[in-house]
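Good morning, and thank you for making the time. I would ask you to look at the sequence and the model on the screen while I speak.

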Amino acid sequence: MIPIRKMGPGLLVTAAFIGPGTVTTATYAGANYGFALLWTVVFSIFATIVLQEMAARLGLVTRLGLAEAMKNASNSAVVSKITIVLIVAAIGLGNAAYEVGNIAGAALAATNVTGIEGRYWSTIIGIGSGILLASGRYRILESVLIILVLVMTTVFIITAICLAPDMSAILRGIFVPSIPSGSMLSVIGLIGTTVVPYNLFLHCNAVKQKWSAHHDLESSLRESRWDTGLAVGLGGLVTLAIVSTGASTYFKTGLVLSSESMGDQLAPLLGDSARYVFAAGLFSGGLTSAITAPLAAAYAVCGAMGWSQNMAAPRFKLVWLSVLATGTLFAANQSTPLPAILFAQVANGFLLPFVAIFLLLVMNNKSLLGDYRNGALSNFFGVFVVLTAIGLGAIKLLGVLRAI
């Protein structure tokens, strides 16, 4: 097990997916379906650890970003161009849409406490995120994100424990998978808010900064695996706690879930101060994701285009600034943030299989990874994750087609 001081990239990944999307989607799932979808959270954490371990291993062994590796893994010019289009469109433009939800969620939290309109908060949050990113220093970003993730973790886990939910219902939700009527979008959304495609690009680059090429590779891989498992597991515990608090507060209780009432799930523990603590957690999650989404987009797009991935490089800055500015602009003009936040998570769920398939192909490239390419067990788990994600998406698509 690695000491806390050596952790970092895994917590960066956790900070990226514990944002307004997770809080909103998990609360919505609990409020509408009780504990029935907890199995989805467990699957999502398993899938995240499997895929993030591959991305981290790729970065440590090859010293390449995921985008570069995906582009260079094929000798076909056509496949290479398709890969570039996928990365730029899905990750670059997709993250801009995702950023709207991040900033809108943080602004919603600030608005519920201060009464100041969300458009002003969206602008302030966008500028603040830009200042942090413009510093160009990974260690500063990492320290800020870790602190904010711990705030979110503490608030929801303690609340879930104090609410003393029905343990038999929780165990059924975890070990007896079910998809209640109308819950398919919530299932896909829970997966999309946890197994975030852009995190694969972010993680692949982050490990190279944490463990240099001069560090013993076997030791780096071992420490990275512990880092990933512990940090993502912590994020999963937070998501489970949010679903539980949402279920205990809203499911069949008569209370109505809305953007203004989301903080009520903390009231049994915190009383009148619940809305302020909830706002702090939501704001923290929004800010962490608002920082990491543009950063991941810059790594992905610059890697695909063959541009420098140095945080001080002009093109790198231009990419993250474009994503951040787009998210800030749309969030500032968004009158109803909850639909935008939920939509981004579902879109992520549909995008996941495509990115995961490309990752699996790269991880089986012997010329690129040598003895560190995927073994049978890694491929089995990776294919299982991909097929499950594709299956869930197909079920929803068929349902839509039948309704037409």
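I begin with the second largest pocket, which has a volume of about 180 Å³. Please note that this is a predicted model, in which local features need pLDDT of at least 70 and side-chain atom pairs count only at pLDDT 80 or more, while totals for chains, interfaces and linings use all residues. Residues are numbered from 1 along each chain as its sequence is written, and side-chain values use heavy atoms, with hydrogens and water left out.

A word on terms. On a 1 Å grid over the protein atoms alone, a pocket is an open set of points where a 1.4 Å probe fits, with protein on both sides within 12 Å along at least five of seven lines; a cavity is a set from which the probe cannot get out, and lining residues have an atom within 4 Å of a point. Grid points are joined across faces, edges and corners, and the volume is the space filled by probe spheres set on the points.

Which residues line the second largest pocket? They are Leu38, Ile157, Ala160, Ile161, Pro165, Met167, Ile170, Ile174, Leu237, Leu240, Ala241 and Ser244. Two or more lining residues come from each of α7 (138-163), α8 (167-175) and α11 (217-250), and α11 gives the largest share, with four residues. Helices here are DSSP runs of H or I with at least four residues, and strands are runs of E with at least two, numbered from the N terminus. By class, 11 of the lining residues are nonpolar, one is polar and none is charged. In this scheme Ala, Val, Leu, Ile, Met, Phe, Trp, Tyr, Cys and Pro count as nonpolar, Asp, Glu, Lys and Arg as charged, and the others, Gly among them, as polar.

Let us turn to the chain as a whole. The protein chain has 17 helices and zero strands. Of its 404 residues, 56% are buried, where buried means under 20% relative accessible area, exposed means over 50%, and partly exposed lies in between, with a 1.4 Å probe and protein chains only. Among contacts with a separation of 6 or more, 84% join residues 24 or more positions apart; contact means heavy atoms within 4.5 Å.

What lies inside? The largest nonpolar core has 105 residues, and those with the most contacts inside it are Leu51, Leu58, Leu66, Phe156, Tyr198, Phe201 and Phe316. Helix α13 (residues 274-305) supplies the largest share of this core, 16 residues. Apart from it lies another core of five residues, including Ala56, Leu60, Val207 and Leu221. A nonpolar core is a set of buried Ala, Val, Leu, Ile, Met, Phe, Trp, Tyr and Cys residues joined through side-chain atoms within 4.5 Å.

Leaving aside neighbours within four places in sequence, Phe156 is in contact with Val23, Ala241, Ile242, Thr245, Gln265, Leu266 and Phe278.

Ala300 is found in helix α13. Because its relative accessible area is 0%, Ala300 is buried. Beyond residues up to four places away in sequence, Ala300 touches Ala67, Ile87, Ile91 and Phe201. Its C-alpha atom is separated by 7.4 Å from that of Val88, 212 residues apart along the chain.

Thr228 belongs to helix α11 and, at 2% relative accessibility, counts as buried. Setting aside residues up to four places away, Thr228 touches Gly10, Ile49, Gln52, Glu53, His203 and Gly233. The C-alpha atoms of Thr228 and Val13 are separated by 8.3 Å, although the two are 215 residues apart along the chain. Gly10 and Val13 are among the buried residues of α1, a helix (residues 9-17) in which nine of nine residues are buried.

Is Lys208 buried or exposed? Lys208, in helix α10 (residues 197-210), counts as buried because its relative accessibility is 19%. Apart from neighbours within four places, Lys208 is in contact with Gly59, Arg63, Leu64, Gly65 and Glu68.

Arg63 is found in the loop between α3 (38-62) and α4 (66-72). With a relative accessible area of 28%, Arg63 is partly exposed. Its phi is near 60 degrees, a positive value in a residue other than glycine.

Finally, Arg373 sits in the loop between α16 (366-369) and α17 (376-403) and is partly exposed, at 32% relative accessible area. Arg373 and Met363 are 10 residues apart in sequence and 5.3 Å apart in space, C-alpha to C-alpha.
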